[in-house]
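Please keep the model open while reading the points below.

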Amino acid sequence: MEVSLDNLSSAQKDELMTSVKQQIALANAQELLTKMTEKCFKKCVGKPGQELDSSEQKCIAMCMDRFMDSWNLVSRTYTQRIQKEQYKG
């Protein structure tokens, strides 16, 4: 089934773009959370058990903080780079 955007009004196109952007943002957030969980669990939990001990909890909290800080830095830098490229073009 082929869909043509030519038949959509400007408002419908804007609504569609907003919806697509929201879906992409949600997918990115889910991927970020999955990667962060996998990496921090692997780094901090030696022997999985019924519950995390205090050192594992602290390690995971610090790992997640560092992961988020790094992700935010990369995201900001990427966004700035894209904006610079758009202004050049």
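Is Thr37 buried, partly exposed or exposed, and what is its relative accessible area?

1. Start with that residue. Thr37 has a relative accessible area of 44%, so it is partly exposed. Thr37 sits in helix H1. Phe67 is 30 residues from Thr37 along the chain, and their C-alpha atoms are separated by 9.9 Å. Bear in mind throughout that this is a predicted model.

2. Next, helix H1. It has 35 residues, which should span 51 Å at 1.5 Å a residue. The end C-alpha atoms of H1 are 50 Å apart, so the span agrees with that expectation.

3. Helix H2 comes next. It covers residues 54-88, again 35 residues. From first C-alpha to last, H2 reaches 51 Å, close to the 51 Å expected at 1.5 Å a residue. Glu56, Ile60, Cys63 and Phe67 are the buried residues of H2. The cover over these buried residues of H2 includes H1.

4. Now the core. Which residues make up the largest nonpolar core? There are eight: Leu32, Met36, Cys40, Cys44, Val45, Ile60, Cys63 and Phe67. H1 and H2 each supply at least two residues of this core. H1 gives the most, with four residues. As general background, nonpolar side chains tend to be buried together in soluble globular proteins.

5. Leu32 belongs to the largest nonpolar core. Set aside its neighbours within four places in sequence, and Leu32 is in contact with Phe67, Met68 and Trp71. Phe67 is one of the buried residues of H2.

6. Then the charged pairs. How many salt bridges does a search of the whole structure find? The search finds one. It joins the side chains of Glu31 and Lys35, with 3.1 Å from N to O. Both residues lie in helix H1, four residues apart, about one turn of the helix. Glu31 has 42% relative accessibility, so it counts as partly exposed. Lys35 has a relative accessible area of 40%, so it is partly exposed too. In general, side chains of opposite charge can pair when their charged atoms come close.

7. Leu5 is placed in the segment before helix H1 (10-44). At 45% relative accessibility, Leu5 counts as partly exposed.

8. Finally, a residue on H2. Is Arg81 buried or exposed? Arg81 is exposed, because its relative accessible area is 59% and the cut-off for exposed is over 50%. Arg81 lies in helix H2. Ile60 is 21 residues from Arg81 along the chain, and their C-alpha atoms are separated by 31 Å.

Notes
Residues numbered from 1 in each chain as written. Predicted model: local features only at pLDDT ≥ 70, side-chain atom pairs only at ≥ 80, totals over all residues. Heavy atoms only, no water. Buried < 20%, exposed > 50% of the residue type's maximum accessible area, 1.4 Å probe, protein only. Expected span 1.5 Å × (residues − 1). Contact = heavy atoms within 4.5 Å. Core = buried A, V, L, I, M, F, W, Y, C linked by side-chain atoms within 4.5 Å. Salt bridge = Lys/Arg side-chain N within 4 Å of Asp/Glu carboxyl O.
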